[in-house]
Amino acid sequence: MPPLTCSGLTTCSIAAVIVQMVGVSLFMLGFFPVKPTLSGVSGPESFRPPDHEVYNLTTPLPPPTHLKSLYQELSEIPPSFDRLILMVIDGLPAEFVLGKDGQPPSKALTDAMPYTQSLLKNGMAIGYHAKAAPPTVTMPRLKAMVSGAIGGFLDVAFNFNTQALLDDNLLGQFFSIGWKMVMLGDETWLKLFPGLFTRHDGVSSFYVKDTVQVDQNVSRHLGYELNRDDWDLLILHYLGLDHVGHIGGRNSVLMTPKLMEMDEVVKMIHLNTIVPQDDIKRQTLLVGAILISSLLFGLSFVFTPQTCAYVVVSDHGMTDNGNHGGSSYEETDSLVLFIGPTKYASDYASATHNTAYQVDIAPTLALLFGVPIPKNNVGVLIAEIFTSLTEDKNQIKKPNVIVVFIVQNCLGPNFTTTTISNDQQLRALELNSWQLLRLLEAQLPGLSCRSFNSDGFSDDQGLGISKCSGSMDEMFCCLYRNAKLLHSSWKLKTVSR
Ligand SMILES: [Zn+2]
């Protein structure tokens, strides 16, 4: 073998460095893919079909109060609630509350959360195993809940140096319609949304040995905040359970007392925010009194019952050792629990055997509160929740039916009243599909369902439904077109009925 010359050695070294750089680049691209997000926020155009862009991004939005009523008018869905309490129990695996594989949680766990379990048993709450995307650490999971978008793995690095969230999100949408927001708990929220909260008390997640004070600093404000009516969104983020996991794992001796503490918080909030039957009667009497006043004195009024939605979520689960960050079932099994004033589910099984994705929270809450779905959302409306809540609203409104009849007969047809019906649920799904189509078209420039013309054939009902085949893009556009046709046909039948 000839001796390696100086120039040969240099060539080999340069080649080795180039190979190494290519390898590192491939690893970075594969492991930390850059996920481009759409800039700007969803606005009034969200309530129009994607091929009907009447608003452009340069049009300034109206002031909050006008924007709120504009959204209500355009969405055609009356908001189901006026206020929201979002309680985050950090690191709580959904199986602690809902069980696993169709089996209820162990007796020790059900005994630790008796009030929450009683709500599930009598159908007053409905829970979901909401699959969280990795990395299962707090900051990216909070982002996913409020924006409906799944971030990249690089978010792990940013978890310790959180920057303000600039992408379109629920809190920004709520702020734009004039909501006042209060945050108590993990200071990550303050870093993600600086200047957005009217009142706040942030706690650090740095001191993992602290399992007591970190939660007391949240609960000490509860009595005060629940008695105030100057907020529209109250966020409570309890870190103690996650800290218990980090110290002693799922089976730590501290876990049961911590679950009991969380159960007490659920009980306190539920008892303070439910609308008792007596209140419904009072509301009916109040409407009657205001009606008589308006008839006698010619006053106009808008009656909006104050109803509060209560949602308990966890950002991620934990392994047996209490760790999280990866993609195992134990770590990605996060909880979404909707707790309401009256019945949501018929039995324990239907209240607990449900699955969804964590990103589904964003579109569901957006449509329940009448704001546009955030622009980068990939989540799908939890339709059952919407049905449960709107049906529930029907039940609440039942005592007011006589009043509604009087209103229509005394004040004439111009006085509109709200009724919740199937077409509003369908409308919610339609809005979600428009937002997803806009996102897909922006991310996939080749995809254009607007110009898509399939060879439709006349089916039994003459709707023009097509058999879908071809490439993925063609299949998608074809299915979208079919859904659109069926939707229009259903609406026509409803109108002609
Ligand atoms: Zn967390």
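## Overall build

The protein chain holds 21 helices and eight strands; helices (H or I, at least four residues) and strands (E, at least two) are DSSP runs, numbered from the N terminus. This is a predicted model, in which local features need pLDDT of at least 70 and side-chain atom pairs count only at pLDDT 80 or more, while totals for chains, interfaces and linings use all residues. Residues are numbered from 1 along each chain as its sequence is written, and side-chain values use heavy atoms, with hydrogens and water left out.

Of the 497 residues in the protein chain, 48% are buried (buried means under 20% relative accessible area, exposed over 50%, partly exposed in between, with a 1.4 Å probe and protein chains only). The accessible surface of the chain comes to about 24600 Å², and 61% of that belongs to carbon and sulfur atoms; the areas come from the Shrake-Rupley method with a 1.4 Å probe, and for residues only the protein chains shown count as cover. Taking contacts (heavy atoms within 4.5 Å) between residues at least 6 apart in sequence, 75% join residues at least 24 apart.

## The zinc site

Let's turn to the metal. Asp90 (OD), Asp90 (OD), Thr138 (OG1), Asp315 (OD) and His316 (NE2) coordinate the zinc ion at 2.0 to 2.7 Å. Donors here are N, O and S atoms within 2.8 Å of the metal (3.2 Å for Na, K and Ca), and sites may look incomplete, as water is not among the atoms.

Along the chain, the donors follow the spacing D-x47-T-x176-D-H. Thr138, in helix α6 (residues 138-147), and His316, in the loop between β6 (308-313) and α15 (329-332), are 178 residues apart and link distant parts of the chain. Both Thr138 and His316 are buried.

Why is β6 largely enclosed by the rest of the structure? Six of its six residues are buried, so the rest of the structure largely encloses β6. Cys308, Tyr310 and Val312 lie on one side, with Ala309, Val311 and Val313 on the other, and both faces are covered.

Strands pair if DSSP finds at least two bridges between them. Strand β1 (residues 83-89) runs parallel to β6, joined by six bridges, and Leu86 stands opposite Val311 in β6. Strand β7 (residues 333-339) pairs with β6 in the antiparallel sense over four bridges; there, Val336 in β7 is the bridge partner of Val313.
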